[in-house]
Amino acid sequence: MNTQKIILITILLLGFIEPVLATMHHEHMLMDEKGMIMNANTDKLPRDCDKISENVDMTIRAGQKHALRFNGKMYAFDNQEWDVKPCAKINITFINDDQIRHQLMIHGLPGYLYPEGMFHLELYGAGELRASLIMPGLKKTYLVHCELPQHAEKGMKAQLKVDGGDGDLPSIPGISAPVKADNYPVDWSQATVAILLLCVLAGIAAPFFVLKGLKLK
Ligand SMILES: [Cu+2]
């Protein structure tokens, strides 16, 4: 066999193997025109669990209207905290109430069950997705958020506790303070000071003008 033939056969073989590898790589992923489910797990037990302790049906809504009760926030989930038993199986119904894209990502899960330690639901617009996952037995607080630019910063952040969790995460709306609070400094230029002085003087002078006006009547 000459070199050209070997190269040709190699290319043909790669062409055959590559799609197989690609499918394997996306084994944990489900995708359609509405959204995507990554790393769902209905039956694989975490190493520290003998069996599923409880089945929890959880509906989580995402959208701008859920942020109305938090000052300065723009996006939020309808709930900011959940608590489940160790080794609980959570059956999530994720509902997007907005016409824009939102995600529900749970981080810090064991990597041998959830690649990148992550469970990920995503809806490209209004809609609904269902998927399950099994939590490990460890007493821990997991970060739940939407990773789209500025969505978590604008309020789309929550926490999922197993067995009461191991503390609160920062900047969970309505639960914990941010690590670094927003700061809106005033630029005290000469013009700002002048305007402020003028307002104070006008405020002091106003009653005199009113009294003068009353006397004239
Ligand atoms: Cu979002």
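Q: Which residues touch the most other members of the largest nonpolar core?
A: Leu121 and Met135, out of 34 residues in that core. Keep in mind that this is a predicted model.

Q: Which strands each supply at least two residues of it?
A: Strand 2 (35-38), strand 4 (76-77), strand 6 (89-96) and strand 7 (102-106) do. So do strand 8 (119-123), strand 9 (127-134), strand 10 (140-145) and strand 11 (157-162).

Q: Where does the largest share come from?
A: From strand 9, with four residues.

Q: Back to Leu121. What is it in contact with, leaving aside neighbours within four places in sequence?
A: Ile37, Ile92, Phe94, Gln103, Leu104, Leu129 and Ala131.

Q: Zooming out, how many helices and strands are there?
A: Two helices and 11 strands.

Q: Strand 1 and strand 2: parallel or antiparallel?
A: Antiparallel, over three bridges. Within that pairing, Met29 stands opposite Met38 in strand 2.

Q: New topic. Where does Pro115 lie?
A: In the loop between strand 7 and strand 8. Beyond its neighbours within four places in sequence, Pro115 is in contact with His28 and Asn39.

Q: Why is Pro115 classed as partly exposed?
A: Because it has 16 other C-beta atoms within 10 Å. Buried would take 20 or more, and exposed 12 or fewer.

Q: How many Å apart are Pro115 and Ile175 in space?
A: 29 Å, C-alpha to C-alpha. In sequence they are 60 residues apart.

Q: Overall shape, then. What is the radius of gyration?
A: 28 Å. A compact globule of 217 residues would be near 17 Å. The C-alpha trace spans about 110 × 55 × 30 Å along its principal axes.

Q: What percentage of the residues is buried?
A: 24% of the 217.

Q: And what share of contacts with a separation of 6 or more joins residues 24 or more positions apart?
A: 70% of them.

Terms used
Residues are numbered from 1 along each chain as its sequence is written. This is a predicted model: local features need pLDDT of at least 70, side-chain atom pairs count only at pLDDT 80 or more; totals for chains, interfaces and linings use all residues. A nonpolar core is a set of buried Ala, Val, Leu, Ile, Met, Phe, Trp, Tyr and Cys residues joined through C-beta atoms within 7 Å. Two residues are in contact if their C-beta atoms, placed from the backbone, lie within 7 Å. The radius of gyration is taken over C-alpha atoms; the globule rule is 2.2 Å times the number of residues to the power 0.38. Two strands pair if DSSP finds at least two bridges between them.
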